[in-house]
Amino acid sequence: MFFTSKPNRKSIEAFIAAQQNQDFSYVEVGCTRGKAPNGYTTDHNRIKLGQSIDTFERAKSAVHQWKMFDMPWIDLCWSDTPIEPGATVAVVIPHLGFWSINACRIVYLIEEHGSLEKYGFAYGTLPDHAEIGEERFTVEFNPEDQSVWYDLYAISRPTTLARLAYPFTSHAGRRCRSGKARGLKADFDFLTTPFDL
């Protein structure tokens with residue numbers, strides 16, 4: 001959905017409410033658990049956050065608080081949305097002379113224990129989104145070498161409307177995902193000093 005000025009809270013809340021009962025905009029729901037389906041573009045970013053179980057716990061807390069969306073040019077509505085399947089959020093993004101709101105819903109959670117600890121979730125696009133697809137946000141802890149990693153994996157393809165402006169929407173999508181990769185990492189620049197995520 002597009003606006004000529006930044007939408008206010010009431011407009012955003014109405015938009016989210018209208019999206020909550022909509023089906024996902026793609027049939028391959030849950031596809032970020034494995035190989036991307038044909039016809040989708042993939043984007044995969046891995047960033048080392050540091051070492052130790054304490055770093056992992058802080059990384060889990062950052063994901064739980066949607067810290068990967070902490071970018072000055074993007075608004076997540078709302079950052080207090082619980083991380084649980086079915087929770088719906090909207091992302092408000094400025095463009096050249098207009099604003100867009102894009103809706104997503106959490107598809108599944110990740111909480112794995114064993115030789116590799118993992119925590120995170122994936123969300124998928126709803127009908128009023130500029131792209132079609134799914135994005136997975138995961139933090140991982142390897143007990144063997146104590147390393148902690150942030151892993152962002154996305155599969156996407158443009159909607160019919162977005163195809164008309166594909167070079168622009170493709171760049172905007174990559175910029176957004178790249179920002180989400182750096183957004184969580186930014187919180188870990190403070191690991192050498194006490195810092196509450």
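Biologist: Where is the place of S147?
Modeller: S147 sits in strand β8; strands (E, at least two residues) and helices (H or I, at least four) are DSSP runs numbered from the N terminus. This is a predicted model, where local features need pLDDT of at least 70, side-chain atom pairs count only at pLDDT 80 or more, and totals for chains, interfaces and linings use all residues. Residues are numbered from 1 along each chain as its sequence is written, and side-chain values use heavy atoms, with hydrogens and water left out.

Biologist: Is S147 buried or exposed?
Modeller: S147 counts as buried, at 3% relative accessibility. Buried means under 20% relative accessible area, exposed over 50%, and partly exposed in between (1.4 Å probe, protein chains only).

Biologist: Which side chain does S147 make a polar contact with?
Modeller: The side chain of D145, at 2.7 Å. A polar contact is a pair of N or O atoms within 3.5 Å; within protein, one must be able to donate a hydrogen and the other to accept it, and residues adjacent in sequence count only if both atoms are side-chain atoms.

Biologist: What else does S147 touch?
Modeller: Leaving out residues up to four places away in sequence, S147 touches K48, G50, Q51, E140, F141 and N142. Contact means heavy atoms within 4.5 Å.

Biologist: E140 is on that list. Which residue does E140 form a salt bridge with?
Modeller: With R46, the closest N and O atoms being 3.1 Å apart. A salt bridge is a side-chain nitrogen of Lys or Arg within 4 Å of a carboxyl oxygen of Asp or Glu. The pair links strand β7, which holds E140, to strand β2, which holds R46, 94 residues apart. E140 is buried at 9% relative accessible area, while R46 is partly exposed at 39%.

Biologist: And what does D151 pair with?
Modeller: D151 forms a salt bridge with R136, with 3.0 Å between the closest N and O atoms. D151 and R136 are both buried. Salt bridges that share partners join R46, R136, E140 and D151 into one network.

Biologist: New topic: which residues touch the most other members of the largest nonpolar core?
Modeller: W66, F69, F121, Y123, F137 and V139, out of 28 residues. A nonpolar core is a set of buried Ala, Val, Leu, Ile, Met, Phe, Trp, Tyr and Cys residues joined through side-chain atoms within 4.5 Å. A second, separate core has 11 residues, including C31 and Y153.

Biologist: How many helices and strands are in the chain?
Modeller: Four helices and eight strands. Of the chain's 197 residues, 50% count as buried.
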